[in-house]
Amino acid sequence: MTVATSSGPTPAGSRNQVSAWRLLLNNRLAAVGLVLLSLLVLVALLAPLLPLPDPDATAPAERLQPVLSQGHLLGTDQLGRDILSRLTWGSRVSMAVGFAATLVAAAIGSTIGLVSGYAGGRTDNLMMRGVDMLMAFPYILLALAIVAALGPGLMNALYAIAIVNIPFFARNVRGVTLGLSHAEFVDAARLSGKGHLSIITTEVLPNVLPVIVITMSTTAGWMILETAGLSFLGLGAQPPQADLGSMLGEGRAQLFTAPQVSIVPGVMIFLIVISLNVLGDGIRDVLDPRLRSGALLRPGPRTEVHSDRAQPANGFPSAVLNVEGLETGFVRNGHYSSAVKAVSLHLHPGECLGLIGESGSGKSVTALSIMGLVNSPPGVIRNGGIYLHGDDVHSMPDTRLISCRGSRVAYIFQDPLTTLHPMHTIGRQVEEAISAHQRLDRRALQERSVALLERVGIRDARERAKHYPHQLSGGQRQRVGIAMALANDPDVIVADEPTTALDVTVQAQILGLLKELRRERGMALLFITHDFGVVAEICDRVAVMKDGVVVETGPTQELLADPQHDYTKRLIACVPEIGRGSDFLARVRSVFDAGNKP
Amino acid sequence: MTDNAIQVRELTKTFGEGRSFLGRERHVVRAVDGISLALRSGETLAVVGESGSGKSTLARMLVGLEEPTSGEMFIAGRDAAGLRRRGPRAFGKIVQYVFQDPVASLNPRRTIQDILEVPLKLLNGYDAGRRRARMTELLDAVHMPADTLNRYPHEFSGGQAQRIAIARALAAEAQILILDEPVSALDVSVQAQVLLLLQDLKRRFGLSYLLISHDLAVVEAISDRVAVMLLGKVVEEAPVQEVFARPQNAYTRQLIASAPKLRASE
């Protein structure tokens, strides 16, 4: 868990920002949109310089000329005006109004969102209800009403469209700001002496900017469409000024006799809007951190195993679980890098093995590799064999591997609040864990689930089974997690930092429970932690991991009393212990001084 | 009074008071319930407690991020109510805060220079040249290289980020630091180095620390006195050796007994 999230994306972060352009261009559709849009914008900008006839010059003699006629590439309209020229000038107007409306809506909407999200409370309530009122009207109707009140004209159409689109910005920005205004760095800025205005503009705004850009890029197309819509109805551009919407509206009468008069501006609107939309989607994919981290990649049912992995023979046939020469890594941008290398561990029946290491040491990846739970992509098991009762787990077919999960090897994770489903009662979740492997009727399932909850020390289990995870304390939730792991009497339980999120008194209770269960059921326990104190309490043997490699293994008390590897020595020296008092700092100082001048 | 860096009397903070929109009474939570404490200048007072005991609320009140519901606070001999009226800058000059999660406490989109400059400029009013010199000094004090300034927070590990956050707190030149679980998000070896750094800085700059922690071993290593909190109240307060040698309160005894020990059989 720690490895996949912390060591992966962080170092890549700076490169990601630099290559945002490249990422955007990698998205072929977005690149096409960008090229098309740039072309259209370029033509519109260059309109005054192009050798085009006057767009408003009428020539009744040459009216309704077809496409590709002499002197008029796209023909002429009902007043004999050159369509190509009107199209170029019209696109210029439509795009200018659309983009201007986007900017106005973004500026006003984002300001409302920022202030409302930052201030919170009554101000927030008042502003958001105002925005809700804007949203309560169908927006084209609202735009029509605004133009009706202000009078027809391009500028008024621009105002109308901008106002109608304010809510999209306000709501999106407010949501993000609300979260940020309670962020620690905002509190820190306040303590550094910054005032509210300065916090909003220099601390919050830079973090909200991607949201604003995303919203702009996804709504600009709409706004151009709405400009055209208002002009089509005669409320935007006034004759003789050309504008895509008004061209379409005027051409409507000739739809059957001279279809090119309305089709040409129609196609133009289509091209502008479609290029903006595909580009907008591309920009969103690049900027949205959730999408960038691969949240939308759907991992397969099991970790990918490299086709020509080295598979060492099972050296401990009596072990219930034996990991031999495991190497797991991640493929990012086509490059493979290993997270754990040549890790060998074995667990005898009923034994507790501690796997200890600092963040990024690869302990969680090792644990998840056992049952093929590392997400693929990007995870790959490159080498190694994992023997469960002598059978290699990664040679098993999918169905067999999946049936082993939970029934023979079960997992307990760090934060039970994220592993329990918030919308289901805990009783139902335990029942689900049982019914995944056993066919029982409803009654029996319920009885089993209550019995399990009782076993892990939840009082009034029958009543508590009807509760939801948020109604339980952290310790009780972890007990439910343990009950789910026990549901099918597994041979091995892999516990990944199961007590790290808990208070010390609760931690002591949970460790006591795990010890008891291990003795009672004879399960083997692979206990992953960063805490030597916890290891000393519960583990028979310990393996110390550093940078993806096991550096030392041994019986717990021996290893703690007489560590062999330098890294282990230093790590143990850094553990503060009750009863050492301020000697601890003196000891640490000597360790680091010794490390600094070898 | 002047010997005390912080003095609080009968401090209380309740959340959710008043009535809801429909006139129903809201559920009231007393996060901090009538606490009286004193932090003497130059000492480290640890406030120990489990999650929900109100220790973070207490810390946030002490730096003006929360307003107490009732009670008195004196910080460096000055009345906190008066300081609050004068705005956050008045607070920032005499008391600073170090957050639990160092990465979250640094704005991801600003360089370290931007972050460190703010207190130097706004709280101390230094000009550009003096700020530059001071930033180098500060980074040196927390053992970070000078090229740190042009980099962004995500380029640093948790321990390095916490050093930067400590440098920011020092930049304000306040004599009192509130340390809210400053090492609990860090790996043990990094934790030890940061504790060592905090100890050195305290001696060098004559600081007073109020350390919020749930880790008794850390507390024992660096504090002079300990206050144990349970459900918003202080249940025991004594010099550190005494608390660990002869805990008076049943809850304190339970806390000490629950802490995992390296040598289980002793």
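Is A:E520 buried, partly exposed or exposed? A:E520 is partly exposed, with a relative accessible area of 46%. In this talk, buried means under 20% relative accessible area, exposed means over 50%, and partly exposed lies in between, computed with a 1.4 Å probe on protein chains only.

Good morning, colleagues. The model before you is predicted, so local features need pLDDT of at least 70 and side-chain atom pairs count only at pLDDT 80 or more, while totals for chains, interfaces and linings use all residues. Residues are numbered from 1 along each chain as its sequence is written, chains are lettered from A and ligands numbered from 1 in the order in which they are written, and side-chain values use heavy atoms, with hydrogens and water left out.

I turn to the domains of chain A. The assignment gives domain 1 as 40-292 and domain 2 as 304-530 + 539-553; such bounds come from an automatic or database domain assignment. Taken over C-alpha atoms, the centres of these two domains of chain A are 53 Å apart.

Next, the charged pairs. Side chains of opposite charge can pair when their charged atoms come close. A salt bridge here is a side-chain nitrogen of Lys or Arg within 4 Å of a carboxyl oxygen of Asp or Glu. Over all chains, the structure holds 40 salt bridges. One of them joins A:E520 to A:R521, at 3.7 Å from N to O. A:R521 is also partly exposed, at 28% relative accessibility. Elsewhere in chain A, a network of salt bridges links A:D56, A:D77, A:R81, A:R86 and A:E250.

In chain B, B:E66 and B:K13 form a salt bridge whose closest N and O atoms are 3.9 Å apart. B:E66 lies in the loop between α1 (55-62) and β4 (70-75) of chain B, and B:K13 in strand β1 (residues 4-15), so the pair ties together parts that are 53 residues apart in sequence. Helices (H or I, at least four residues) and strands (E, at least two) are DSSP runs, numbered from the N terminus. Both B:E66 and B:K13 are buried.

A further salt bridge in chain B brings the side chains of B:E173 and B:R134 together at 2.9 Å, N to O. This pair links distant parts of the chain, 39 residues apart: B:E173 is in the loop between α6 (158-171) and β7 (176-180), and B:R134 is in helix α5 (residues 128-141). B:E173 is partly exposed at 32%, whereas B:R134 counts as buried at 15% relative accessibility.

Where is B:E43 found? B:E43 is in the loop between β2 (29-40) and β3 (44-48) of chain B, and is buried, with a relative accessible area of 7%. The side chain of B:E43 reaches the backbone nitrogen of B:R40 at 3.0 Å. Beyond its neighbours within four places in sequence, B:E43 is in contact (heavy atoms within 4.5 Å) with residues including B:K202, B:Y209 and B:R225.

I now come to the aromatic rings. Rings of Phe, Tyr and Trp (its six-membered ring) pair if their centres lie within 6.5 Å; planes under 30 degrees apart count as stacked, over 60 as edge-to-face and the rest as tilted. Over all chains, there are three aromatic pairs. Among them, A:Y139 and A:W222 are edge-to-face, with 6.3 Å between centres and 85° between planes. A:Y139 lies in helix α7 (residues 139-150) and A:W222 in helix α10 (residues 196-232) of chain A, so this pair ties together parts 83 residues apart in sequence. A:Y139 is partly exposed at 31% relative accessibility, and A:W222 is partly exposed at 45%. The rings of A:Y411 and A:F413 are stacked, because their centres are 5.7 Å apart and their planes are at 10°. A:Y411 is buried at 14%, while A:F413 is partly exposed at 29%.

Finally, some backbone features. A cis peptide bond, with omega about 5°, joins A:P239 and A:P240, and A:P240 is found in the loop between α10 and α11 (244-251) of chain A. In chain B, B:A76 has a positive phi near 50°, though it is not glycine. B:A76 is in the loop between β4 and β5 (78-79) and is partly exposed at 43% relative accessibility. B:E181 also has a positive phi, near 45°. B:E181 is in the loop between β7 and α7 (188-205) of chain B and counts as buried at 8% relative accessibility.

Thank you for your attention.

Conventions
Polar contact = N/O pair within 3.5 Å; in protein donor to acceptor, adjacent residues only side chain to side chain.
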